[in-house]
Every structure is written in C-alpha cells, then in structure tokens.
Amino acid sequence: MTSSADLNTSAHALLGIFAANAIDRVFVVPGESYLGVLDALHDFPGIDVVTCRHEGGAAFMAGADARLTGRPGVAMVSRGPGAANASIGVHAAQQDGVPMILLIGQVPRKDVRKEAFQEIDYQKMFGSMAKWVVEVTAPEELAAAAFKAIRVAMSGTPGPVVMVVPEDVQQAPVTQPGWVATPECPAQPAARTLDQIHALLARARRPLIIAGGAFDRPGGREALRRLAERHTIPVAVSFRQHDIFPNTHALYAGDLDLATQAAQVSALDSSDLILALGTRLGDITTQGYAFPAHPRPSQTLVHCYADPHIVNQHFAADVGVVADPAATAGALADLPGTGQGLARGDWAASLRAIRQCAAAWPDLAAGDPAADDGVPFVAVVRALAAQAPADVAICLDAGTFAAPVYRHFPFVHPQRLMASQSGAMGYGTPSAIAAQLRDPCRKVVCMVGDGGFMMTGNEMAVAAERGLPILFIVSNNNCYGSIRLHQARTYPGRYVGTNLASPDFTMMARAFGVQGEYLTRTDQLVGAIARGLASDAPYLLEVRTSLAAILPPGVGHVAGKDLLARGD
C-alpha cells in the first residue's frame with residue numbers, strides 16, 4: 001500500500017485524466033472497495049467531492065450534472081450493494097441520452113468470478129444499459145480506460161459507461177499521462193442534402209418540426225429558432241424537452257408527452273412534412289409509434305440525428321441525415337425562406353390555438369379547491385409560474401403532481417426543465433442538488449411527491465450542509481398517485497398498495513436544518529412561494545394536495561384523510 005504522499009499511483013492517473021478533461025465534480029457514497037481512489041481524491045482539490053446518502057441519489061446527481069455541462073457526470077460507489085443501488089441512475093442516463101461514468105470498486109483480482117463477498121459480474125448486470133462496461137485488470141491500464149470511458153460516453157448518442165476497478169488495481173505506481181479527448185467534429189449536412197430538404201420545404205404547406213434534446217447545447221436553441229422563424233415552421237418538442245423552444249412563441253405547437261391530447265396529435269398528424277431534428281423518435285414522442293405512422297409515415301419524413309444507429313431505426317425516412325441537428329438547422333435557416341405566405345401562417349396559428357387551449361389554466365375560482373381533500377397541485381404550479389425567475393430551473397420528480405408543469409408552465413430559456421425520461425421516482429431532489437451546485441446563482445425549484453421524496457429526499461442533507469438555496473415543494477396526498485390513477489381507470493374501487501402513511505415532511509426538513517412550512521389552503525400559496533424563492537438557504541413547502549383532483553370524476557377514493565389531518 002502506498003502512502004498518501006505518493007502522487008504517481010494508478011488512482012492518481014485515473015483522476016488526472018478526469019481533471020484534464022474538465023471533470024470537476026464527483027458524487028460518491030464511500031466504500032472500502034475503492035479506498036485507493038478516495039485517497040487519491042485528497043490530492044485533487046479541483047475536483048469537488050459531493051458525499052451522498054444513497055447510491056441512487058449519487059447516480060441521479062451525476063446524470064443531472066452531465067445534462068447541464070455536456071461532460072460526463074461521475075458517480076463513485078462500492079461493489080455489490082452500492083452498484084445495485086446506483087443502477088437506477090445508469091438506466092436514467094441511458095434513457096436521457098446523457099454522458100455518465102459510474103466507477104465501481106471491485107473485489108481483488110484473485111477473487112474475481114469466484115462468487116466472492118459482494119462480487120457481481122458487471123458486464124452481465126449493466127451490459128444492456130451501458131454503452132461500455134470495462135473491468136480494469138492492470139494498474140497501468142486504468143488511465144487509458146478512463147480516457148476511453150470519457151470518449152465513449154460522449155460519442156454518438158451520449159450515455160453511461162461503467163468502470164469496474166478491483167481494490168488491488170488502484171494504488172500501484174504508474175506513469176501519469178495527461179491525455180485530453182478532442183471533441184468529435186460535428187458532422188455537417190451535405191450541400192446536396194440541404195438542397196433536397198429546402199426543396200421539400202418549398203413545396204410543403206403544413207411542415208412541422210419535432211425537436212429533440214440534441215438542441216440542448218450552446219447555440220442549439222438559437223439555431224432551432226432561426227430555422228422555425230425563417231421558414232415559418234411550427235415546432236413541437238419531444239418528450240420532456242420543453243425548454244429548447246420558447247413556449248410563448250407563436251410557432252410553439254406544444255410537446256409530445258405522456259398526456260398529449262388526441263386533438264393536438266391529430267392536428268400535428270395533418271402535417272405534410274415532418275422535420276424530426278435531434279430526437280430519437282422514441283415511443284412516447286411518437287405516441288406509441290403511432291405519430292408519425294410506423295414504419296412508413298404518411299408525411300414526408302426528414303430525420304436528422306448525429307448517430308447512424310438512430311436514423312431509420314424505427315421510421316423509414318425519406319431523407320435520413322446523419323449529421324449534427326443544430327448545424328443542420330442553422331444551415332437550413334441560412335437558405336432563402338419558404339414561408340408559403342398566408343397558408344403556412346394559418347397552419348402555424350391553428351396549431352398554436354390548439355396548444356393554447358390545452359395549456360390554459362383551469363378555473364379554480366368557482367369554489368374553494370381545498371374544501372374537500374386538499375389543494376389541487378395545479379394551483380401550486382400556477383402560483384409558482386407567476387413568480388418564477390427568468391432563469392429558474394425546475395427539477396421534477398415522477399408522478400401525477402408533475403402533469404400541470406408539463407401542460408401549463410410556460411418555459412422560456414434560460415429557464416430549465418430537469419426531468420428524467422426514464423420516469424424514475426427519486427430523481428427530483430438529486431437533480432436539484434446537482435443543478436444548484438452547478439449554477440449557484442440560479443434559483444432551483446424541486447417539485448416532488450410524497451412517494452418520490454421518501455426515496456431520495458434524504459439527499460436534502462447536501463443542500464443543508466452546503467447552504468444551497470433550493471426551494472423544495474412536496475406534494476403530499478398520502479398516495480402513490482400515478483398508480484392510483486391507473487387503478488381508478490382499470491380497476492375502479494379496488495385500491496391495493498397505493499395508500500401511504502407519510503411522515504411530517506416539514507418536521508423532517510427542520511431536522512435537516514431546513515426551514516419549512518405546511519400549507520393546506522390555496523390562499524397560502526403565493527406568500528409561501530415568495531418566501532421560498534427569496535430564501536438564501538434551502539426552504540421546504542409541504543402542500544396538502546388533493547387526491548380527488550387527479551382521479552377521474554366520480555370514481556371515489558380512499559385517501560386516508562385522518563393521515564392528512566394536521567395542524568398548521
């Protein structure tokens with residue numbers, strides 16, 4: 001074992017590669033299986049070590065950080081149980097298409113594949129989720145593996161890489177390379193392809209852009225907007241990518257999400273040309289591979305993505321473009337306009353009208369929405385939208401409470417929506433931690449249900465420890481609301497496993513040293529949200545929210561009101 005004064009170990013070589021490639025933060029749950037790497041971190045003060053309370057939280061933070069920086073987010077965990085806990089974040093990174101590196105300590109090399117204590121074959125475990133799984137077998141190979149992990153995580157469709165490092169590979173003397181990965185040169189669309197697309201635009205009367213997360217990069221949003229405005233093309237954003245095009249823009253046609261209304265999908269389907277740019281055209285964006293029609297769309301389809309594995313994967317494109325979507329959009333925006341006069345303007349206006357109707361705030365003034373079983377969460381979202389800063393980052397957990405955000409909140413960049421496409425509960429609090437650490441001057445709001453908060457809400461300890469001014473809003477309806485909704489639709493009145501006996505979240509926050517308020521009425525929302533947004537320390541609002549408001553009318557429910565009966 002080397003001493004802490006030795007700065008030429010394989011662990012130092014690993015971290016040196018990370019530091020040389022601008023990885024300045026790691027999220028860890030410490031474990032004895034990677035003590036050598038933890039020790040070497042002591043000698044890298046430029047790498048911020050965020051100590052987490054659960055490996056799932058650490059992995060979620062790494063993925064969220066990657067989305068914000070475009071660089072691999074790094075989580076470090078111990079073998080066996082630690083790796084199993086972290087797997088949820090690997091899956092989320094794959095679904096979200098963000099670069100991530102999960103470093104796992106491993107048993108000593110002599111014990112590998114002997115079913116040793118906490119040993120797992122990580123190739124079998126992560127092989128279908130990660131872009132690459134590497135088990136380093138020699139100290140001198142560790143730096144090269146880290147260098148390749150960075151390149152693989154960021155190439156093509158970004159995604160997770162798993163590095164497995166046995167205990168006895170971490171502290172041997174090795175040379176210290178300083179390799180820096182050169183980013184891939186974005187593939188530019190061919191001039192002939194641009195001319196072909198331009199000719200299609202010139203003939204189209206009802207063109208539509210479906211824009212994906214590939215525009216979430218410097219200059220990407222600007223290129224998308226220039227393209228839409230130059231050729232008067234309405235823009236629908238793909239699954240949970242609301243912030244890539246201004247929701248207040250006359251050409252915004254809405255989002256393609258889990259609850260996109262049938263009338264909106266039907267209107268979009270009446271397009272005669274679809275430019276699918278920077279989207280993988282996954283099942284939710286395409287409404288179950290129904291829009292556009294699978295496998296041969298009824299419209300002319302142009303599909304542009306930087307990864308050849310994606311283009312033509314599910315839908316046969318008339319023009320398949322393996323190129324940088326932002327560069328393609330910018331090049332098309334530089335070509336002569338094809339606005340088609342009033343006809344295309346009327347098309348855009350018709351889609352906008354449908355979107356505005358779907359996004360209109362419901363009228364809650366007819367009666368006291370808190371009179372029955374709680375505050376409809378849409379009232380919380382509306383109160384937040386009225387006060388939200390121009391650069392707010394809204395970090396959403398999974399659940400029906402989030403539906404009003406997706407439907408009604410008018411995102412305009414630099415406002416950010418941080419929501420995982422994996423639909424995993426527990427993402428909200430860790431993503432808020434990562435977002436606030438990455439941009440301390442931005443106001444970060446975490447919105448989470450009582451179920452999701454109990455999964456990773458303990459990571460609030462990091463916010464308390466570091467004084468991160470996150471506003472946590474917890475929707476408490478004592479229920480796994482999404483599953484209750486499905487039960488109410490499919491098996492009405494037969495509710496098993498969805499009631500929750502939630503704790504007092506306000507008292508929990510105070511135990512962490514976080515100020516909190518418990519809200520039961522809509523008239524408390526505006527003031528409480530104002531106080532939370534103004535706070536320079538973490539602040540929690542627990543809102544007693546209505547379960548009846550999210551269920552189909554007339555189905556009834558068993559909410560356990562006695563569990564909600566609590567004094568102010």
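**Basis and terms**

Two strands pair if DSSP finds at least two bridges between them. Helices (H or I, at least four residues) and strands (E, at least two) are DSSP runs, numbered from the N terminus.

The model is predicted, and local features need pLDDT of at least 70, side-chain atom pairs count only at pLDDT 80 or more, and totals for chains, interfaces and linings use all residues. Residues are numbered from 1 along each chain as its sequence is written, and side-chain values use heavy atoms, with hydrogens and water left out.

**Strand E15 and its partners**

Met-447 has Ile-473 as its bridge partner in E16. Strand E16 (residues 471–476) runs parallel to E15, the two being paired over five bridges. E15 is also joined by four bridges to strand E13 (residues 393–396), again in parallel, and there Leu-396 stands opposite Met-447.

Strand E15 (residues 444–449) is mostly covered, with six of its six residues buried (under 20% relative accessible area, with exposed over 50% and partly exposed in between; 1.4 Å probe, protein chains only). Val-444, Cys-446 and Val-448 point one way from the strand, while Val-445, Met-447 and Gly-449 point the other way.

**The six-stranded sheet**

Six strands form an open sheet with parallel pairing, in the order E9-E8-E7-E10-E11-E12. Its edge strands, E9 (252–255) and E12 (319–322), each pair on one side only. The twist averages 15° from one strand to the next; axes are lines fitted to C-alpha atoms, for helices over the stretch in contact, and angles run from 0 to 180 degrees between N-to-C directions.

Within this sheet, strand E7 (residues 207–211) pairs with strand E10 (residues 273–277) over five parallel bridges. Leu-208 stands opposite Ile-274 in E10. Helix H8 (residues 220–231) packs on the sheet, where H8 touches E7, strand E8 (235–237) and E10, and its direction makes about 170° with that of E7.

**Nonpolar cores**

A nonpolar core is a set of buried Ala, Val, Leu, Ile, Met, Phe, Trp, Tyr and Cys residues joined through side-chain atoms within 4.5 Å. The largest has 54 residues, and those with the most contacts inside it are Phe-27, Leu-102, Phe-126 and Ile-470. Helix H3 gives the most to this core, with seven residues. Apart from it lies another core of 37 residues, including Val-26 and Ala-149.

**Glu-55 in helix H3**

Glu-55 is found in helix H3 (residues 55–69). Leaving aside neighbours within four places in sequence, Glu-55 is in contact (heavy atoms within 4.5 Å) with Val-29, Val-77, Gly-82, Asn-85 and Ala-86.
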